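Let's take a friendly walk through a protein chain and see how its parts meet. Keep the structure open beside you as you read.

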Amino acid sequence: ATEAEATRIGRFLYEVACMLESWRSSKDVFEREAAGKKTMEPLHVHSVFLDFLWKKHTVMLASLTQNLARAERLFVRNTLIGLSAMAPVFPKCEEHATELRTKVSEIAEGDRGDLKLIAVSYMSVLRTQ
């Protein structure tokens, strides 16, 4: 995937995460926008949706950290680009942010000069969140 494709995927995930965050942060918004939808039937109660969202964030974090640990530069670069696009809405919890900071700081301090700039840039975005 190209850098432009990674940016587009990151923006898409950002938009999806924004919608999910609005449902997470407000039970009223969730009930008005999501609870009545046929596709949301299994998650019709806000508390069930919150559990589901936590699990999905955890799965996404695991996938992203695996990509950051890969030897292939392209996977690492594209993951950092996607994470940068999603930064305002992901990660939402400190536990996930700490895990990402650890992985990204390893890249920023490592010997892969081509990825250092992207990693340092993402670290600065993470710090402001």
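Start with two charged side chains: Arg-73 and Asp-114 form a salt bridge, and their closest N and O atoms are 2.3 Å apart. This pair links distant parts of the chain, since Arg-73 sits in helix H4 and Asp-114 in helix H6, 41 residues apart. Keep in mind as you look that this is a predicted model.

**Charged pairs**

Side chains of opposite charge can pair when their charged atoms come close. How many salt bridges does a search of the whole structure find? The search gives 5.

| Salt bridge | N to O distance |
|---|---|
| Arg-73 and Asp-114 | 2.3 Å |
| Glu-72 and Arg-70 | 3.1 Å |
| Glu-21 and Lys-92 | 3.9 Å |

In the pair of Glu-72 and Arg-70, Glu-72 is partly exposed with a relative accessible area of 38%, and Arg-70 is partly exposed with 30%.

Now look at Glu-21 and Lys-92, whose side chains meet in a salt bridge. Glu-21 belongs to helix H1 (residues 3-25) and Lys-92 to the loop between H4 and H5, so this pair ties together parts that are 71 residues apart in sequence. Glu-21 has 15% relative accessibility and counts as buried, because buried means under 20%. Lys-92, with a relative accessible area of 42%, is partly exposed. Arg-24 joins in too: Glu-21, Arg-24 and Lys-92 are linked in a network of salt bridges.

The loop that holds Lys-92 has another feature to find. Pro-91 is found in this loop between H4 and H5, and a cis peptide bond joins Phe-90 to Pro-91, with omega at about 5 degrees.

**Helix H6 and its two sides**

Let's return to H6, the helix of Asp-114. H6 has 16 residues (113-128), and at 1.5 Å a residue they should span 22 Å; the end C-alpha atoms are 24 Å apart, which agrees. Which residues of H6 are buried? They are Leu-115, Ala-119, Tyr-122, Met-123 and Leu-126. These residues cover an arc of only 110 degrees around the axis, which puts them on the same side of H6. On the other side of H6 you will find Gly-113, Leu-117 and Thr-128, which are exposed. What do the buried residues of H6 pack against? Their partners are helix H4 (73-86) and helix H5 (94-109).

**Helix H4**

Leaving aside residues up to four places away in sequence, Leu-80 touches Leu-68, Val-104, Leu-115, Ile-118, Ala-119 and Tyr-122.

**Aromatic rings**

In one of them, the ring centres of Trp-23 and Phe-49 are 5.9 Å apart and the planes stand at 65 degrees, so the pair is edge-to-face. Trp-23 lies in helix H1 and Phe-49 in helix H3, so this pair ties together parts that are 26 residues apart in sequence. Both Trp-23 and Phe-49 are buried. Ring pairs also bring in Phe-30, linking Trp-23, Phe-30 and Phe-49 into a cluster.

Terms used: Residues numbered from 1 in each chain as written. Predicted model: local features only at pLDDT ≥ 70, side-chain atom pairs only at ≥ 80, totals over all residues. Heavy atoms only, no water. Helix = DSSP H or I, 4+ residues; strand = E, 2+ residues; numbered from the N terminus. Expected span 1.5 Å × (residues − 1). Buried < 20%, exposed > 50% of the residue type's maximum accessible area, 1.4 Å probe, protein only. Arc of directions from axis to C-beta. Contact = heavy atoms within 4.5 Å. Salt bridge = Lys/Arg side-chain N within 4 Å of Asp/Glu carboxyl O. Phe/Tyr/Trp six-rings, centres within 6.5 Å; stacked < 30°, edge-to-face > 60°.
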